[in-house]
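Please examine the model shown here together with its sequence.

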Amino acid sequence: MTNVSDIGVIDIHVHVQPWHMMHPHILALMKRGRENWDTLDNVMNDPGVLLRTMDDAGIDTVGVINYVAPQLMGFTFECNRFAYEYVKNHRDRLFAHGSIDPVGSTDPDGEITQILDEWGMRAVKVHPPHQGVAPNAYLDGNTILPKLYDACQTRGVPVVFHTGTTIFKGARIKYGDPIHLDDVACDFPDLKIILAHSGRPLWVPTARFLARRHPNVYLDLSGIPPHRIPEYFPDIERFAGKLMWGTDWPGPGVPSMDGNLTAFVKQGHDEYVLRRVLRENAVRVFGL
Ligand SMILES: [Zn+2]
C-alpha cells in the first residue's frame, strides 16, 4: 500500500476559523459530540498545534478556509485578517482562502485588493447557501460577484464554491446546487472553479458532469464520508486530473483529518490516482 507521507498530502479544505466570532447556536452545533474540544480550540488559536496535528497525520500542506457570512454564521470581513495572521509565518505548509461578502460588501474593490494583493491569499471561498446568493446572481444584477470572479481570473486564483447540503439552520440549500456554476464556467472561462464537496449528497452527478464539461472546473472530496467515495466515483481514474483531497475538518461529521485520509488510501486506488488527488492537482491549481 502507498505510504502517504511519501506523497506530501495536501488537504485543501480545513476550517481553521475565529470561533469567537461565531453565533452561540452555531458554536453549540460545532461542539456537539466532540470530546476533544479544548484541543480544537488550541488549533484555532495556535498554528503550531495544527502543524503538529498535520505531522501526526502525515499531511504536508493545509488550505485554511474562512468565509464572510455575518448573518448566518457571525463571520465578518475580519475573519480574513485572522486567516492572514494564522498562516503568515508558515507559508511553506499553510495557505489561506480569503472571502468577501458577495451580497453585503460596501467596498468590494478595496476588499478584493486587500485579500488578494496585500494579504496574498491563494484562493477565495464562496459559500452560496450560507451567504444567501446564487453563484450566477450577476445575471440578476449582483455586481459584487463579477468583480470577484474577474479579479481571481486575472490573477489565476481559484474560487472554491460550497456545493451540496449543509446542516446549519437558515442556510439556503438551493444555492448549493452546482448547476448555477455552469453559467460561471461559461462566462469566466479562465477562472479556476472548485466545487467543494462535489455536490454531495444531492447533486454529485451534476458536479461530475460539470467537471467533465468544463476544462476550468475541478472537484474536491471534502465532507464526503470516505466510504461513499467509491459510490460517487466508481470510475475515479477518469477524474484523476480533476479531483482534489480535502476533509472539511473539524466540521460536523469529520472527526479527524487522518481518519478520512487513511480510509481513502485503504480503498486501494492506483498510485497515480493517489498522487494526483492527494497532491499534484492542488499544486497545479493553487500554484503552490
Ligand atoms: Zn467546508
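The paragraphs below treat these topics in turn.

The model is predicted: local features require a pLDDT of at least 70 and side-chain atom pairs count only at pLDDT 80 or more, whereas totals for chains, interfaces and linings use all residues. Residues are numbered from 1 along each chain as its sequence is written. Helices (H or I, at least four residues) and strands (E, at least two) are DSSP runs, numbered from the N terminus.

Helix α8 comprises the 12 residues 144-155. Within α8, the residues Ile-144, Leu-145, Leu-148, Tyr-149, Ala-151 and Cys-152 are buried. They cover an arc of only 165 degrees around the axis, and therefore lie on the same side of α8; the arc is that of the directions from the helix axis to the C-beta atoms. A residue is termed buried if 20 or more other C-beta atoms lie within 10 Å of its own, exposed if 12 or fewer, and partly exposed in between, with C-beta atoms placed from the backbone. The buried residues of α8 pack against α6 (108-118), β4 (123-126), β5 (159-162) and α9 (180-187). After α8 comes Gly-156, with a positive phi near 70 degrees.

A nonpolar core is a set of buried Ala, Val, Leu, Ile, Met, Phe, Trp, Tyr and Cys residues joined through C-beta atoms within 7 Å. The largest such core has 86 residues, and those touching the most other members include Leu-148 and Val-159. Leaving aside residues up to four places away in sequence, Val-159 touches Val-124, Val-126, Tyr-149, Cys-152, Leu-191 and Ile-193; contact requires C-beta atoms, placed from the backbone, within 7 Å.

Most residues other than glycine have a negative phi, and most peptide bonds are trans. The loop between β6 (193-196) and α10 (204-213) contains Pro-201, which is joined to Arg-200 by a cis peptide bond with omega of about -5 degrees. His-197 lies in the loop between β6 and α10 and, although not a glycine, has a positive phi of about 70 degrees. His-197 is buried, with 26 other C-beta atoms within 10 Å.

The loop between β8 (243-244) and α12 (257-266) holds Pro-250, and the peptide bond from Trp-249 to Pro-250 is cis, with omega near -5 degrees. Asp-248 lies in the loop between β8 and α12, and its phi is positive, near 75 degrees. Asp-248 counts as buried because it has 23 C-beta neighbours inside 10 Å.

Notes. The expected span of a helix is 1.5 Å times one less than its number of residues. Two residues are in contact if their C-beta atoms, placed from the backbone, lie within 7 Å.
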